[in-house]
Amino acid sequence: MSLKSSQLQLNQQGQLRHFLGIDGLSRELLTEILDTADSFLEVGERAIKKVPLLRGKTVCNVFFENSTRTRSTFELAAKRLSADVLNLDVQTSSTSKGETLYDTLRNLEAMAADMFVVRHGDSGAAHFIARNVCPDVAIINAGDGNHAHPTQAMLDMLTIRRHRAGFEQLSVAIVGDILHSRVARSNMEALRILGCPDIRIIAPRTLLPVGIEQYGVRVFNDLRVGLRDVDVVIMLRLQKERMQSGLLPSEGEFYRQYGLTSDSLALAKPDALVMHPGPINRGVEIESAVADGPQSVILNQVTYGIAVRMAVMSMAMAGQTTQRQSSQGGQ
Amino acid sequence: MTALPDVGPLLQRMGQELTAWLDRTQRTDPAIVGIHTGGVWIAEQLRDQWLPNAPLGTLDIAFYRDDFAQIGLQQGVRPSELPFSVDDRHLVLVDDVLMTGRTIRAALNELFDYGRPASVTLVTLVDIEARQLPIRADILGASLALPPGQRVKLAGPDPLHLTLINVAQP
């Protein structure tokens, strides 16, 4: 099955109706998501942090994989849009009784859900659902396998845009376990579409995917070379399971070579931003002094994540609505 | 062809009436709130000429529209900015064209999500007499009866002028 997101996630008018991945989307559409998110950021500063946009709609968070932060920011985003929210921790419920993904979702559809926010360990799960299971329900990909995490990428782009004028002059380094990172993949795509001219990937050879060049990036195996004069450093979380599989000698060795410390950060531009999708492993990929330091925008990323998710959810719901109306009008 | 009034003289009279109204109703220390985009232009002019001490806020009512389920989200939403506390404040809400009243309904809902104002005075440049809700301007520049299929739009900001637009009839 092809994982091309472009045709599947847009309606006939070219508006978002699902949000599955970054690839194939235009710079205009990504910019529209960022602009809309900017407006929602302001809502988060009000006394009443709620707008009535999705009143009466039902949003199901369907998480086949654990994630406290992503799920709670999606939940908060939906609630701030006045939607009703259902949280399904699927890994502890029906699937463990043998129900298939297909049946679980058909049941949710029968509860008149308008949107599924899906996280799944398999690459392509969100695409599969959008294509085969519930074509009239808006599907938001909250992370699928090693493939994509598009809302994380957009919140990273919003973080960069709010701290820097634009993308056209920037050098951005993504550091760590690229091979297993859906965040890295979606970020490389988003940065390229938004016109970032210098995307650097810094990782040991064992944690680089085959064919990384297709993303139009420069690859570095030496952190101290790769970080030189960058404007933004995006650190990735190192999953401890990776050590057991023999891809890395040890945590200590990885930290010595690829950990972001005050010393290695000094090689970047003096005001370089430090980002991390969380949860951070202090002393594994990032030094505490850096994570809590003045250049860190890691907690801003969490705040921006709510606004980006509000933007994507309202745009996809709107795209579903206009799609339904134009197909009804055509009958 | 409908003759459209000049904006300058209308603003002049509206400014006089507004200050007199605020005096008479004892609405002291007001804040002005313009609705994007035309309402912001009018609000700026009223503030500059008549209420120089009033803080100015802007509203984009896109998240409060009642036709989201029909037409979806508008493109080009701008953040609302109210750089003052709404609680117990006398507000002057400004829009360019009063048509159905739905925009004002949305704006009032949005304002009340910021707090509980002491009062809201509605100021609009023109009313095209197509009201669908019980909403009227306290201060009005001009009332225009337009033939079916025509609407009026404020162009600007320099100079501000009214133009007729033709809309497709259902």
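User: What should I know about the model and its numbering?
Analyst: It is a predicted model, in which local features need pLDDT of at least 70 and side-chain atom pairs count only at pLDDT 80 or more, while totals for chains, interfaces and linings use all residues. Residues are numbered from 1 along each chain as its sequence is written, and chains are lettered from A and ligands numbered from 1 in the order in which they are written.

User: Which residues have the most contacts inside the largest nonpolar core?
Analyst: They are Met115(A), Phe116(A), Ile140(A), Val175(A), Val233(A) and Met313(A), in a core of 150 residues. Such a core is a set of buried Ala, Val, Leu, Ile, Met, Phe, Trp, Tyr and Cys residues joined through C-beta atoms within 7 Å.

User: Which helix gives the most to this core?
Analyst: Helix α13 of chain A (residues 298–329) does, with 13 residues. Helices (H or I, at least four residues) and strands (E, at least two) are DSSP runs, numbered from the N terminus.

User: Switching to the binding site, is Arg119(A) buried or exposed?
Analyst: UniProt lists Arg119(A) under "binding site" in an unreviewed entry, and such annotations may be inferred rather than shown by experiment. Arg119(A) is buried, with 24 other C-beta atoms within 10 Å. Buried means 20 or more such atoms within 10 Å, exposed 12 or fewer, and partly exposed in between, with C-beta atoms placed from the backbone.

User: And where does Gly278(A) lie?
Analyst: Gly278(A) is in the loop between β9 (273–275) and α12 (288–291) of chain A, and is partly exposed, with 18 other C-beta atoms within 10 Å.
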